[in-house]
Amino acid sequence: MKFGDGTFHIGTASFEELAENLTSRLTVSAILANAGELTMLHACGVADPGTGAVVALVAKSGTGKTTAASVLARTYGYVTDETVAVAWDGSVVPYPKPLSVKQEASAPKRQIGPDEFGLQAAPAMPFIQSIVLLNRVQGAIPVAPALERVPLAEALLALIPESSSQAEFVDPLQSLCRLIESVGGVWQVTYSEAADLPAVLEPLFRLQATSKSEWEPAAEEVARRGPIPAGSIQRRVSRDAVKIGGDLLVMLDNEIVSLTGIGPAVWDACAGPVGLDDVMDHVGKVHGEPEGYRAAVATAVEHLIAKSVLERGEK
């Protein structure tokens, strides 16, 4: 990954604190330098040393990525324990930073080099093969490891918060959908012990069929001409929107809103400034007109205004 050209100053009380802060600042610098060019998942990544196939294991901070990397990369090539960066052609840019290992609660994370862990180097030309959500279950009774496919809408809702600068793409949701399609969908692995991961993940390093397209871009935004007329309703300009089955996912800034039920029809009706009665009529044509449907549409509109999906012209 590229790194920013700026300089920064770090003041710390110990070498371990310096190492943690420096690692963090370099990571942030690399992410900012590649915003809008690489899809960057908050994940550890390991690669098959023979084929270069990378499995990205996505998870929130502190939920098992580093431990998974330290176990898997004794067999597979160590790509990163922090950010799996994927280019438009599916190639992966290795970021083999020191592994950040938790210590006692008040202490900074210890930065341990891959060689100290005995990890294998990443192959020369890694490429993304599988994307997996880590679901580590902690408790007195360990669970048997299990692998299952995640529906596309759920996968997007899970991945966007665990990505960096995805909103900087021209089409952040569509580009992520294309990436997911190219790897045959997203998986989730449920496990208790990291030692169980190599066996359960082994099939995901092999070739998978590209998944059938399950999504389509939502209607393009209609250019706004002046302010919204008083009392009229119009959807806010979004960064991107995709339809998946009967559902609609809308990206507003860095947040995704999932519209189900009559929500997508309300969205479609509000491409330009319209009155509430027009919205009700459109929803009635799409979903029918059962008793009480107009009140349900009015409630949905108010909810979407509160969620900043729609906006109303001021009177």
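Reader: At roughly what angle do the axes of helix α4 and helix α5 cross?

Author: This is a predicted model, in which local features need pLDDT of at least 70, side-chain atom pairs count only at pLDDT 80 or more, and totals for chains, interfaces and linings use all residues. Residues are numbered from 1 along each chain as its sequence is written, and side-chain values use heavy atoms, with hydrogens and water left out. Helices (H or I, at least four residues) and strands (E, at least two) are DSSP runs numbered from the N terminus, while axes are lines fitted to C-alpha atoms, for helices over the stretch in contact, with angles from 0 to 180 degrees between N-to-C directions. The axes of α4 (residues 152-159) and α5 (residues 172-182) come within 11 Å, and they cross at roughly 120 degrees.

Reader: Is α4 roughly parallel, antiparallel or perpendicular to α5, or is α4 oblique to α5?

Author: Angles under 35 degrees count as roughly parallel, over 145 as roughly antiparallel, 65 to 115 as roughly perpendicular, and the rest as oblique. The angle of roughly 120 degrees therefore makes the relation of α4 to α5 oblique.

Reader: Which residues of α5 meet α4?

Author: Contact means heavy atoms within 4.5 Å. From α4, the residues taking part are Leu152, Ala155, Leu156 and Leu159. Their partners in α5 are Leu173, Leu176, Cys177 and Ile180.

Reader: How many nonpolar residues does the contact of α4 with α5 have?

Author: Ala, Val, Leu, Ile, Met, Phe, Trp, Tyr, Cys and Pro count as nonpolar, Asp, Glu, Lys and Arg as charged, and the others, Gly among them, as polar. By these classes the contact of α4 with α5 has no polar and no charged residues, and its nonpolar residues number eight.

Reader: How many of the 11 residues of α5 are buried?

Author: Buried means under 20% relative accessible area, exposed over 50%, and partly exposed in between, for a 1.4 Å probe and protein chains only. The buried residues of α5 include Pro172, Gln174, Ser175 and Glu181, and Cys177 also counts as buried because its relative accessibility is 1%. The helix α5 is largely enclosed by the rest of the structure, since the number of its 11 residues that are buried is nine.

Reader: Is Ser165 buried, partly exposed or exposed?

Author: Ser165 is found in the loop between β11 (163-164) and α5, and its phi is near 65 degrees, a positive value in a residue other than glycine. With a relative accessible area of 22%, Ser165 is partly exposed.

Reader: Which residue with a positive phi follows α5?

Author: The phi of this residue is near 80 degrees. The residue that follows α5 is Gly184.

Reader: How many disulfides does the structure hold?

Author: A disulfide is a pair of cysteine sulfur atoms within 2.5 Å. Cys270 is buried, with a relative accessible area of 0%. The number of disulfides in the structure is zero.
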